[in-house]
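Please read the points below alongside the sequence and the model.

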Amino acid sequence: MIMKKHLVVLTGAGMSAESGFSTFRDAGGLWDRYPVEKVATPEGFEEDPNLVLGFYRNLRNRLYAAAPNAGHLGLVELEKDFDVDIITQNVDNFHERAGSRKVLHLHGELTKICSSRSPDDPKMIRELPPDAPYAKVGDLAPDGSQLRPFIVWFGEAVPEIEKAASIVRSADIFVVIGSSLNVYPAAGLLGEVPKNAKIYLIDPKPVDTHTRLPITVFREKASSGVRRLIETLRTAGTSD
Ligand code: OAD
């Protein structure tokens, strides 16, 4: 039996831009319109839980009004020839809806809520069905604390980072799509890529990777970049 090569993809906000989801740091991105410290920190939540819950409720509504794009679908296609692991910084569920089988969320998920006392406690994390209303002020987790979005905010630990690092350490091919690589520890995953792995980066703008590793860059949007990746890997063959 021929083992499939391990292809690990790290995705960021640019992956979902063509689905109509704003990136964070591009001009007109989310952080221009909603100050990070208000909607993406535990202190912001404490100060104005109504505002924060409203912000994530709106994002979740937009999520269900939007769909995965050709880039997400292309990554599913790669599963025919590769053992694909997706590590995403995105809180949307487009990879899952496209059909990707292995998706690890580093920064949480818009479709879930959790306890504000122990946000990482798996027993407190609940998936909301698409038609269920979002959490409101006064809605409590099983531990009696206010329910909050299951999002890893600034200043909080990233519980899945070790799992992500161990996935990256066995990559034969590592691909970064649509991330400015500004946010750690996610950006540090590049440092875990094995020496002999081939690295690709897909982004329409130049990205400072903070590394001297050789990287093949496709300066394109996710949709056409993933198409080009599929063609490049096909030409290179999957068994070399
Ligand atoms: P950024 O907004 O920092 O970077 C988005 C990247 O996507 C930029 O490099 C853009 O050039 C690129 N881009 C824009 N349109 C694209 C397209 N159509 N196809 C491909 N790339 C495109 O987003 P992230 O790096 O994901 O955390 O940001 C990391 C984290 O910062 C996010 O997960 C978020 C934020 O704080 C949380 O929400 C917890």
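1. The model is predicted: local features need pLDDT of at least 70, side-chain atom pairs count only at pLDDT 80 or more, and totals for chains, interfaces and linings use all residues. Residues are numbered from 1 along each chain as its sequence is written, and side-chain values use heavy atoms, with hydrogens and water left out.

2. The largest pocket has a volume of about 960 Å³. Of the 50 residues that line this pocket, G12, A13, T23, F24 and R25 are the closest to its centre. A pocket is an open set of points on a 1 Å grid over the protein atoms alone, where a 1.4 Å probe fits, with protein on both sides within 12 Å along at least five of seven lines; lining residues have an atom within 4 Å of a point. Volume is the space filled by probe spheres set on the points, which are joined across faces, edges and corners.

3. Helix α4 (49-65) gives the most to the lining of the largest pocket, with four residues. Helices are DSSP runs of H or I with at least four residues, strands are runs of E with at least two, and both are numbered from the N terminus.

4. The second largest pocket holds about 290 Å³ of space. D120, I125, F150, P159 and E160 are the closest to its centre among the 18 residues that line it. Strand β4 supplies the largest share of this lining, four residues.

5. D120 lies in the loop between β4 (108-115) and β5 (126-127). D120 is partly exposed, with a relative accessible area of 45%; buried means under 20%, exposed over 50% and partly exposed in between (1.4 Å probe, protein chains only).

6. In helix α8, A222, G225, V226, L229, I230 and L233 are buried. These residues cover an arc of only 145° around the axis, which puts them on the same side of α8; the arc is that of the directions from the helix axis to the C-beta atoms. R234 and T235, on the other side of α8, are exposed.

7. The buried residues of α8 pack against β1 (5-11), α5 (70-77), β2 (82-88), β7 (173-177), β8 (198-202) and β9 (215-218). G237, whose phi is positive, near 80°, follows α8.

Key
Contact = heavy atoms within 4.5 Å.
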